[in-house]
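I opened this notebook to record what I looked up in one structure. The entries follow in the order of the look-ups.

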Amino acid sequence: MLIYLGCCAVLAFALAIGLALQGAAPAAAAHAAFAVGAMPLVFAAMGHFVPVLTRSGGARGMVHRLPLVMQAAGLLALGALGGWLPGWALHGAVSLGVVATVAFLAWVLGKGRKALGRPHPGLSWYVAALGCLILALVVVGVGLVWPPAYRLARLAHLHLNTLGFIGLSAIGTLHVLMPTALARPDPLAATRLTRQLPWMLAGIAGAALAGGLPWLGVPAAALIGGVVMATVAGWWRTHGGARLAGDGVSASLLVATLGLVSLCVAGAAHGLGLMPGRLAVAGFFAGFLLPLVTGALSQLLPVWRHPGPITPARTTLRERLARHGRIRAVLFLIGGLLLLAGQGLGAAPAALGVALFALSLMSGLLARAPGPD
Ligand code: HEM
Ligand code: HEM
C-alpha cells in the first residue's frame, strides 16, 4: 500500500500541474496536490516512522488503512472544489478527514505511551502536525456552515495545513531522514527537535491568526524561518555542504528546506500586502513539496519495496531513484522561485522534474531485481 500511495502522489502532482495549466479553479489544483497527493502519503510515512521512533511494531488492521480513508477524503474535497461533485461532498470530506485523523492521532499517542524507553522527540512533531490538521479541518468546516467566518477560517485552514500539518511532519521527519540518507549519525538532531518545537508552534499559531491580526505576520514568518534556518545550519555543521549537495536524496531534501525558508520570506511579504498570497501556493508546491516528496520517496520506496535487511535490489532501486535527484532539485528550485515571483513559466521546470521522477520510478519498480532477492 505504501508503494501504491507513493505512485498515487506522483500522479496527483501531475494532475495538479495539468489542472493549473487548464485554468481549473486554483483551489482544485491545490487540493489535487495537497489533499489527494500529500495528505495520505504523510499518513503512510508516519505509519512507517512512528514504530521507528517508539521502537515498537508497525501499524495493523484499520490503522494501516487510514491513509486510504484520507485519500478518499482528499478526493471528495477535490471533486467538490473542482465543481465535479455537489457542495455537500465538502462536508463529507471534512467529517471523514476529522474522524480518520483523530483515530490516527489516538494510535500515535498510544504508541508513545507504550514506547520502550522515552520516545524520540520527533513523535511530538507528528502529534502537533496531526493536531494542526484536525484544527484546520474543523475551522474550515465552521467557515462552511457560518459564512461570516469564512474568510478568516479559510486563511487559518490553509496556513495550519501547509505550515502546520505538512511543515511539522516534514521537519520532524527530515531530522531522521537526512542522517539515514547520508548514512551518518546526527547526534544533535534530537536536541534540536526538542528545542525547536515550541518556537515552530508559536510561528504556526501566528501565521494562522495573522489573517485577523496582521501584525502577527512578520514575527510568525521570522519564527518559522528561524527554525528552518537553524535546521539547515545544524546539517551544515554536522555533515558539511559538499556531502549534503553530493547525494541525490540529501540534495533534494536540502533544496526543499531552503524552499521553505523562501516561503517564509514570501509569507512575511504577502502578510504585509506586498505581494499576492496566492503565489505562495504554487511556490509551496514546486519549491517545497516536490523536492521533499521526491527526495523522501527516493530513500523510502526502496525500503518499502524490499523490506528487511539491505539487499542488492534495494541498493539498486535507491541508486536509480536518486540518480537524477540533484537535477530534479535544481529544476524544482528554479520552478518554485519563478512561480513565487508570479512567472507561470515556472510550471515547466517543475513538470519536467516530476516527469523525470515518474520515469525513474517506473523503470525502477518494473526492473527485474538482480540476484536471488
Ligand atoms: C479533506 C481535506 C480538506 C478539505 C475538505 C479542504 C477544504 C478547503 C476549502 C473549503 C477551502 C476554501 C476553498 C475556496 O475558498 O475556494 C480550502 C482552501 C485551501 N486549502 Fe484545503 N481542504 C482540505 C485539505 C487541505 C490540505 C491537506 C491542505 C494542505 C496541506 C490544504 C490547503 C489549502 C489551501 C492552500 C487552500 C487555499 C487554496 C486557494 O485558494 O488557492 N487543504 N480547503
Ligand atoms: C510563513 C509564514 C506566513 C505568514 C506569516 C503568512 C501570513 C499571511 C497573512 C497575514 C495573510 C492575509 C493577507 C490578507 O489579509 O489578505 C495571508 C494570506 C494568504 N497566504 Fe500566507 N503566510 C505565510 C505563509 C504562507 C504559505 C507557505 C502559503 C502557501 C501555501 C500561504 C498562502 C496564502 C494565501 C493563499 C493567502 C490568501 C490570499 C488570498 O486569497 O487572499 N501563506 N498569509
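I worked from a predicted model, in which local features need pLDDT of at least 70, side-chain atom pairs count only at pLDDT 80 or more, and totals for chains, interfaces and linings use all residues. Residues are numbered from 1 along each chain as its sequence is written, chains are lettered from A and ligands numbered from 1 in the order in which they are written, and side-chain values use heavy atoms, with hydrogens and water left out.

Metal site. I looked up the iron atom of ligand 2 and found His 159 (NE2) and His 270 (NE2) as its protein donors, 2.0 Å away. Donors are N, O and S atoms within 2.8 Å of the metal (3.2 Å for Na, K and Ca); water is not among the atoms, so sites may look incomplete. I noted that His 159 belongs to helix H6 (residues 150-182) and His 270 to helix H10 (residues 248-271), so the pair ties together parts 111 residues apart in sequence. Helices (H or I, at least four residues) are DSSP runs, numbered from the N terminus. His 159 counts as buried because its relative accessibility is 16%; buried means under 20% relative accessible area, exposed over 50%, and partly exposed in between (1.4 Å probe, protein chains only).

Helix H5. Val 142 sits in helix H5 (residues 122-145) and, at 40% relative accessibility, counts as partly exposed.

Helix H8. I located Thr 231 in helix H8 (residues 217-239); at 3% relative accessibility it counts as buried. Leaving aside neighbours within four places in sequence, Thr 231 is in contact (heavy atoms within 4.5 Å) with Ile 171, His 175, Arg 192 and Gln 196.

Technical notes:
Helix = DSSP H or I, 4+ residues; strand = E, 2+ residues; numbered from the N terminus.
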